[in-house]
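Today I opened a new model and kept a notebook beside it. Here is what I looked up, entry by entry.

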Amino acid sequence: MRAVIVAAAVAFIISLFGTPVAIKVFTALKAGQPIRSVGPATHQGKRGTPTMGGVAFIIATVLAYVAGHIALTTLPEAQIAQVKPTMTALVLLGLFVFCGAVGFLDDFLKVRKRNSAGLSAKGKLLGQLLVGGGLGVAALYVPSTNLQTVASEHISFIRDISFLDVGKVGSVLVFVFVIMSMSNGVNLTDGLDGLATGASILVLGAYSLIGFWQYRHWCGDINYTGSYCYEVRDPLEVTLIAAAAAGACVGFLWWNTSPARIFMGDTGALGLGGLIGGLAMATRTTLLSIVIGGLFVIITMSVVIQIISFKTTGKRVFRMSPLQHHFELAGWSEVNIVVRFWIVAGIFVAIGLGLFYSDFLAAMG
């Protein structure tokens with residue numbers, strides 16, 4: 001637990017004091033966020049606000065992970081099972097960094113072209129596919145000494161569903177789908193000051209709790225004597241990384257809340273989505289992530305519904321999609337939308353954690 005607290009605290013401090021540095025750097029580089037002319041009129045006042053702020057909390061998370069492992073080395077060997085960096089960490093941090101890199105390329109092109117076009121949709125999806133596919137192979141084909149892999153060959157809900165064995169190739173495809181879906185879901189949720197950041201903090205906090213609970217009831221712990229355990233790999237790593245990312249986002253939110261001094265950009269949104277998708281796969285909670293990340297799902301579905309409705313009937317269901325812009329055009333203030341959407345995100349997180357814990361209680365019988 002000490003290492004997790006150290007990682008979260010270090011990430012928060014680095015992000016809190018590092019984000020102003022990023023603001024100065026990106027402002028000096030004239031890396032201002034282009035604003036779409038078709039968006040809500042109130043957004044035109046945000047033109048020129050520096051973007052690519054995700055760089056700050058991604059770096060903070062990686063450095064905090066290192067600090068957390070330094071803290072681990074101060075503990076007696078018998079109290080921990082994972083002192084050295086693991087494949088789980090490489091996969092999760094790899095998703096965070098490389099999905100963020102795809103977003104960074106998109107942000108860079110937007111800034112350079114001085115418009116909101118950026119990387120093409122096909123180019124963005126191809127980048128996510130390559131990152132998800134490469135790390136998905138590592139997650140399924142590189143076992144630990146006890147033959148446990150980062151991701152499972154089964155579809156999972158709160159744990160693996162035994163009769164839904166899709167094999168390694170199928171699992172890599174599921175891995176890619178989850179990473180792409182979650183990264184684009186967080187990206188669509190971004191767009192109002194602090195909205196995606198706050199929602200991500202709640203989801204990451206949930207996964208830090210899930211990871212820690214799995215660590216305390218881990219089948220890989222030779223000292224564990226309970227009747228029920230979780231067949232996962234490196235749950236302490238999962239906890240540490242999720243807590244570090246949550247802490248980094250809290251530090252970033254200080255500057256990203258309304259009125260935002262900096263935007264996370266696609267750099268941050270795609271990176272966070274990739275990490276959250278990876279956490280879902282590593283904790284064997286793939287389908288449960290639909291509940292935990294319920295706000296991301298709702299906002300994504302609002303876009304899907306809008307597109308299908310317009311292409312089939314020529315009519316729009318919402319004034320504008322994603323959903324947060326519908327409420328903007330309905331007259332809600334930005335702060336009201338953000339806070340209320342955070343509440344919705346928190347409700348989904350609470351339901352997800354309740355389902356996770358109720359499964360444990362049922363198993364304990």
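**Entry: H2 and H3**

I started with helix H2 (residues 54–72) and helix H3 (residues 87–113), which pack with their axes 11 Å apart at an angle of about 165 degrees. Helices here are DSSP runs of H or I with at least four residues, numbered from the N terminus. Axes are lines fitted to C-alpha atoms over the stretch in contact, and angles run from 0 to 180 degrees between N-to-C directions. H2 and H3 are therefore roughly antiparallel to each other; angles over 145 degrees count as roughly antiparallel, under 35 as roughly parallel, 65 to 115 as roughly perpendicular and the rest as oblique.

I noted a left-handed crossing for H2 and H3. A crossing is left-handed if the near helix is turned anticlockwise from the far one by less than a right angle, and right-handed if clockwise.

Which residues meet? From H2 I listed Val-55, Phe-57, Ile-58, Thr-61, Val-62 and Tyr-65, and they meet Ala-89, Leu-93, Phe-96, Val-97, Gly-100 and Phe-104 in H3. By class, this contact of H2 with H3 has 10 nonpolar, 2 polar and no charged residues. Ala, Val, Leu, Ile, Met, Phe, Trp, Tyr, Cys and Pro count as nonpolar, Asp, Glu, Lys and Arg as charged, and the others, Gly among them, as polar.

**Entry: reminder to myself**

This is a predicted model, in which local features need pLDDT of at least 70 and side-chain atom pairs count only at pLDDT 80 or more, while totals for chains, interfaces and linings use all residues. Residues are numbered from 1 along each chain as its sequence is written, and side-chain values use heavy atoms, with hydrogens and water left out.

**Entry: H8 and its partners**

Next I looked at helix H5 (residues 167–189) and helix H8 (residues 265–282), whose axes are 7 Å apart at an angle of about 140 degrees. H5 and H8 are therefore oblique to each other. H5 passes H8 in a right-handed crossing.

Then I turned to H7 and H8, whose axes come within 11 Å and cross at roughly 155 degrees. That makes H7 roughly antiparallel to H8. What is the hand of the crossing where H7 passes H8? I found it left-handed. The contact is made by Val-238, Ile-241, Ala-242, Ala-245 and Cys-249 of H7 and Leu-272, Leu-275, Leu-279 and Ala-282 of H8. The contact of H7 with H8 has 9 nonpolar residues, no polar and no charged ones.

**Entry: the core**

I looked up the largest nonpolar core, which holds 100 residues; Phe-57, Val-91, Phe-175, Leu-204 and Tyr-207 touch the most other members. Such a core is a set of buried Ala, Val, Leu, Ile, Met, Phe, Trp, Tyr and Cys residues joined through side-chain atoms within 4.5 Å. Buried means under 20% relative accessible area, exposed over 50% and partly exposed in between, with a 1.4 Å probe and protein chains only. Which helix gives the most to this core? Helix H7 (residues 235–256) does, with 14 residues.

Leaving aside neighbours within four places in sequence, I saw Leu-204 in contact with Ala-242, Ala-245 and Leu-272, among others.

Most residues other than glycine have a negative phi, and most peptide bonds are trans. I found the peptide bond from Ser-258 to Pro-259 to be cis, with omega near -10 degrees, and Pro-259 sits in the loop between H7 and H8. The bond from Ser-321 to Pro-322 is also cis, with omega near 0 degrees.

Met-52 has a phi near 65 degrees, a positive value in a residue other than glycine. Is Met-52 buried or exposed? Met-52 is buried, with a relative accessible area of 3%. I noted a positive phi of about 60 degrees for Arg-284, in the loop between H8 and H9. At 3% relative accessibility, Arg-284 counts as buried.

Conventions:
Helices (H or I, at least four residues) and strands (E, at least two) are DSSP runs, numbered from the N terminus. Contact means heavy atoms within 4.5 Å.
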